[in-house]
Amino acid sequence: MILRSFFYVWVSPWTLMAIAIGLLLGGKFRLVDGVVEIHGKRVAGVLQRLYVPAMAITIGHVVLGQTQAALDITRKHERVHVRQYERWGIAFVPAYLLASVYLYLRGRDGYRDNPFEVEAYSVDDPGRR
C-alpha cells in the first residue's frame, strides 16, 4: 500500500495535468483499476490532431481516449505506459521525447522504434519485442 501510494505521488504532476486537460475538454471520467480514463468528443478531436494521431494516450495515471471503445481496445497497451510512468516518474515525458528525437535524427521512426512504444506494443503483439 505504501509503495502504491508512492507511485501515485511520484507521477502526480503528470496525473494532475491530465485531469485538468480532461476537465477543460469536458471529458467523461471513469476509474478503472486505479487509473483514470477520460473520453469525449473534444478529447477525440485533440487526439486526432496529434503529430501521431492516437486512439488513446497515457499521461501519468490518466488515459485519455477518443471513445470508451478506444479505451477498452487500448487498455493493455496504455497500462504498460502507466507502469513506465511509475518507473520513470516525472522524467518519463522528457525521456520518451528524447528517445523519439534521437531515433528521428538517426533516420528511424521516432514513434514505432521508441523503446517505450516497443515495450507497450509487445503486449499487443508479443512477437514484436
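This report describes the sheet, the helix packing and selected side-chain contacts of a predicted model.

## The sheet

Four strands make up an open sheet of mixed pairing, ordered β1-β2-β4-β3. Strands β1 (28-32) and β3 (56-59) are at the edges with a single partner strand each, so one side of each has no neighbour in the sheet. From one strand to the next, the twist averages 25 degrees.

Five bridges connect β1 and β2, which pair in the antiparallel sense. The two strands form a hairpin with two residues between them, and Asp-33 in the turn has a positive phi of about 50 degrees. Val-32 has Val-35 of β2 as its bridge partner, and Phe-29 stands opposite Ile-38 of β2. Strands β2 and β4 run parallel and are joined by four bridges. Here Glu-37 has Val-63 of β4 as its bridge partner.

## Burial of strand β2

Strand β2 is largely enclosed by the rest of the structure, because five of its five residues are buried. Both of its faces are covered. Val-35, Glu-37 and His-39 are buried on one side, and Val-36 and Ile-38 on the other.

Glu-37 has a relative accessibility of 1% and counts as buried because the cut-off is under 20%.

## Salt bridges

The whole structure contains five salt bridges. One of them joins the side chains of Arg-75 and Glu-37, at 2.9 Å from N to O. Arg-75 belongs to helix α3 (residues 68-88) and Glu-37 to strand β2 (residues 35-39), so this pair ties together parts that are 38 residues apart in sequence.

Glu-37 also forms a salt bridge with Arg-79, with the closest N and O atoms 3.0 Å apart. Since Arg-79 lies in helix α3 and Glu-37 in strand β2, this pair ties together parts that are 42 residues apart in sequence. Arg-79 and Glu-37 are both buried.

A further salt bridge is formed by the side chains of Arg-108 and Asp-113, at 3.6 Å from N to O. Arg-108 is partly exposed, its relative accessible area being 46%. Asp-113 is also partly exposed, at 27%.

Helix α1 (residues 2-24) lies across β1, β2, β3 and β4 (62-65), and runs at about 30 degrees to β4. Helix α2 (residues 41-48) also packs on the sheet, where it touches β2, β3 and β4. The direction of α2 makes about 85 degrees with that of β4.

## Helix α5 and its neighbours

In helix α5 (residues 115-124), the buried residues are Phe-116, Glu-117, Ala-120, Tyr-121 and Ser-122. They pack against α3 and α4 (92-105). At the start of α5, a side-chain oxygen of Asn-114 comes to within 2.9 Å of the backbone nitrogen of Phe-116.

The axes of α3 and α5 cross at roughly 140 degrees and come within 8 Å. The crossing is right-handed. From α3, the contact involves Lys-76, His-77, Val-80, His-81, Gln-84, Arg-87 and Trp-88. From α5, it involves Phe-116, Glu-117, Glu-119, Ala-120, Tyr-121, Val-123 and Asp-124.

Trp-14 is a residue of helix α1. Apart from neighbours within four places in sequence, Trp-14 contacts Ile-59, Gly-60, Tyr-85, Gly-89, Ile-90, Val-93 and Pro-94. The side chain of Trp-14 also reaches the backbone oxygen of Ile-90, at 3.2 Å. Trp-14 and Asp-33 are separated by 19 residues in sequence and by 18 Å in space, C-alpha to C-alpha.

His-61 is located in the loop between β3 and β4. With a relative accessibility of 3%, His-61 counts as buried. Not counting residues up to four places away in sequence, His-61 touches Phe-7, Tyr-8, Val-11, Thr-15, Gly-34, Val-35, Val-36, Val-82 and Glu-86.

Technical notes: Residues numbered from 1 in each chain as written. Predicted model: local features only at pLDDT ≥ 70, side-chain atom pairs only at ≥ 80, totals over all residues. Heavy atoms only, no water. Salt bridge = Lys/Arg side-chain N within 4 Å of Asp/Glu carboxyl O. Buried < 20%, exposed > 50% of the residue type's maximum accessible area, 1.4 Å probe, protein only. Pairing = 2+ DSSP bridges. Axes fitted to C-alpha atoms, helices over the stretch in contact; angles between N-to-C directions. Contact = heavy atoms within 4.5 Å. Polar contact = N/O pair within 3.5 Å; in protein donor to acceptor, adjacent residues only side chain to side chain. Left-handed = near helix turned anticlockwise from the far one by under 90°.
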